[in-house]
Amino acid sequence: MSHSQEASRVSRRRFLTLSGQGALLVGGMALGAGGLWPRWALAEPDLAAGLLRMGRDIYPHDAIADSYYLTPLEPLLESDRAMIADGLADLDRRAHDAHGRRYAEIEQETDRAALLRKIEDGEFFQTVRGTLVVGLYDNPELWEPYFGYEGASWRQGGYLHRGFDDLEIDWL
Amino acid sequence: MTTRFAYDDDSVVVIIGSGAGGGTLAQALARKGIDSVVLEAGKRYQMNDIENDEWEMFKKISWLDERITAGPRQLTETFPGLPAWIVKGVGGSTIHWAGVSLRFQPHEFKLHSEIGDLEGANLLNWPISYEELEPYYVKAERHMGVTGDSTGMPYHQWNNNFKVLAAGAERIGYKQLRSGPMAINTEEYDERGRCMQAGFCMQGCRFGAKWSTMYSDIPRAEASGHCEVRPRSMALKIEHDDQGRATAVVYADGDGNQHRQRARAVCVAGNSIESPRLLLNSHSSMFPDGLANSSGQVGRNYMTHATSCIFGVMPKPVHMHRGTTFAGIISDEARLDQSRGFAGGYTLEVMSLGVPFFAKFMDPTNAGWGRDITTALDKYDHLSGVWICGEDLPMEQNGITLHDTRKDQHGLPVPVVYKGDHPNDARLRRHGEQQARRCYEAAGAERIFKVPDFPTSHNVGTNRMSARPEDGVVNRWGQAHDIDNLFISDGSQFTSSGAENPTLTIVALALRQADHIAERMQRQEL
């Protein structure tokens, strides 16, 4: 086993623990299939874990796998590395003060969300959120399976023969 | 073959903008054999540039030059650099518009007479009546292909989204429920195909079923030999002679080179932000406050419609994204009835957003994250949405001004777009929100929520029509009170906003203005 494979297994275990969604992770993303971790995640698992935890707390969808959060957030660590590192360090300080542990290690989502509420007006939080609101929801892979949104239709001749008026209102 | 006119050809009408006003005017003039040069700031797009993709189209066609959102409104916080959601491209905002083609109601042309003075509102009657505009509404409806009596085209079949809204609306007693009039073909019309219920109306209609000057008026005007469209041509200044007549338009081409196009007449149709901005930027020693501004009303009375947006989570999947985005209109509240606590009325219009835009717009404030947001998104396919389009009263302080120091890529001062609510607007909005909620409650919604204002697509009023020169910028023909051969040809000439989407009225006014210009030319007056 090479060093990077070793690192990827370690990191992966970390993520599985942190996100508490091991089963979904294994099924839902390419982690297992060849250890396709982003390079920065390999190098800086704490930053990666913090950013992932934060992304999942900002837009929590329990059924969506980590990779869909990580992929859009990854470039931030190169484009805005200082802001992200400082922001996460600040968040960890606040977490220590309130809960005696790092932000990503706080168990209750409501506790983590309360910490994020306090920094939501800051540039760091809004940068992560602004990146994710496009990166997560503009991903066609998620549209139909998770949201029931079928997206582009013109190649199929629109929805004229594909259910634009198929609703029966039978609940009233 | 492409017609080209020389820069020093002073026989041409120069039209600034190629959307609902400018594009319509160019073709209407061309049909009469009148030559025009259309200066369009944006690029030219082809049908295969139109994709069913919200973000891609937003980035591709939107007007994203620097602008500053100002005023006591949420948009100042949520979209500080994007006050308006309009298009920069050949075809202008007719690429993006939703197709709703309601006429203004007769009383809306004389709201001031109907309700009298209202503190804080700069109310004024239009100098034209509904009866005068009515024949042009019919012409506009035939021109654009509006479903209903003028064309004989049937209204759209009701889509799922409207079925839900209508079920609730009927239960609370609403009667005026229609899936039109829409300028979206329900059968082949004017060499364009029928609506395929594709959704994505606001990203441009890939099928060309929705009227747009991009593929209707502009290509025909060009084919006539009487019109040259110059894309990527940003008008910088309108020049005049020492008689105070407009003589030329200076503009920057796509490479930043400046040109001067001489003109017999100048028609400004750059939408309600750029049109007054151009007049203000064209100040001279003769007109130190900007062109056509002796009234001081250029850039003022900016109206956007009093709007709000309500969504309901329904018990079963609705798939609101399927089908024509806005094909469902409820007009019961459009009447004038001050017993409701406000003047003016509003229409309720069904609307949908895709997942990318719904996620972005559901709550764009800093606090718009967390389970409140994601539990709604998890029910995306169960959502139904309605948009409130209400009369927005003119206020003198709402308007477009030039920033003191900030300059755009052409060296022009950046526009500051200031807007606040009149108390009447706020009351109308609250009433509309309440009624929309009642509709969804009656339709069995499990959860109902409000989505804050989007950057505005309905921008009107900043060069308004008036009978008297001291009250407004242009007369009953859209001709500047101060400058004989200068016209305003877009929604900025609106004296009031009405409770209806503006495009049909812009087109009717442009067709009427074309007749007027032709007559005056024939009489050698222009």
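Two residues are in contact if their C-beta atoms, placed from the backbone, lie within 7 Å. With that cut-off in hand, let us walk through this structure, which is a predicted model.

**Where the chains touch**

Under that criterion, 41 residues of chain B are in contact with 34 residues of chain A. On the chain B side, helices H6, H9 (355-361) and H10 (371-378) each supply at least two of the touching residues. H10(B) gives the most, with 5 residues. Sorted by class, this side of chain B has 18 nonpolar, 14 polar and 9 charged residues.

**A helix pair in chain A**

Now to chain A, where helix H4 (residues 45-58) and helix H7 (residues 81-99) have axes that come within 10 Å and cross at roughly 75°. Angles of 65 to 115 degrees count as roughly perpendicular, and H4(A) and H7(A) are therefore roughly perpendicular to each other. From H4(A), the residues Leu47(A), Gly50(A) and Leu51(A) meet Ile84(A), Ala85(A) and Leu88(A) of H7(A). This contact is made of 5 nonpolar residues and 1 polar residue, with no charged ones.

Helix H7 of chain A also holds Arg81(A). Is Arg81(A) buried, partly exposed or exposed? Arg81(A) counts as partly exposed, because it has 13 C-beta neighbours inside 10 Å. Arg117(A) is 36 residues away from Arg81(A) along the chain, and their C-alpha atoms are separated by 22 Å.

**Sheets in chain B**

Chain B has an open sheet of 5 strands in the order S5-S2-S1-S9-S17, with parallel pairing. Its edge strands, S5 (227-230) and S17 (486-488) of chain B, each pair on one side only. On average, and ignoring direction, neighbouring strands of this sheet are turned by 20° against each other.

Strand S10 (residues 306-313) of chain B is mostly covered, as 7 of its 8 residues are buried. S10(B) runs antiparallel to S13 (residues 383-390) of chain B, and S10(B) is also antiparallel to S16 (residues 447-451) of chain B.

| Strand pair | Sense | Bridges |
|---|---|---|
| S1(B) and S9(B) | parallel | 4 bridges |
| S10(B) and S13(B) | antiparallel | 8 bridges |
| S10(B) and S16(B) | antiparallel | 5 bridges |

For anyone who likes to follow individual partners, Ile15(B) is bridged to Cys267(B) in S9(B). Ile310(B) has Val386(B) as its bridge partner in S13(B), while Gly312(B) has Ile448(B) as its partner in S16(B).

**A loop residue in chain B**

Gln176(B) sits in the loop between helix H6 (160-171) and strand S4 (177-178) of chain B. With 14 other C-beta atoms within 10 Å, Gln176(B) is partly exposed. Which residues does Gln176(B) contact, leaving aside its neighbours within four places in sequence? They are Ile330(B), Ser331(B) and Asp332(B). Gln176(B) and Ala334(B) are 158 residues apart in sequence, with a C-alpha to C-alpha distance of 9.9 Å.

**An annotated domain**

Finally, an unreviewed UniProt entry places the feature "domain: Glucose-methanol-choline oxidoreductase C-terminal" at residues 395-510 of chain B. In the model, this stretch is 24% helix and 20% strand, and its end C-alpha atoms are 25 Å apart.

Terms used:
Residues numbered from 1 in each chain as written. Chains lettered and ligands numbered in written order. Predicted model: local features only at pLDDT ≥ 70, side-chain atom pairs only at ≥ 80, totals over all residues. Axes fitted to C-alpha atoms, helices over the stretch in contact; angles between N-to-C directions. Parallel < 35°, antiparallel > 145°, perpendicular 65-115°, else oblique. Nonpolar A, V, L, I, M, F, W, Y, C, P; charged D, E, K, R; others polar. UniProt positions renumbered as here; feature names shortened; annotations may be inferred. Buried ≥ 20, exposed ≤ 12 C-beta atoms within 10 Å, placed from the backbone. Pairing = 2+ DSSP bridges.
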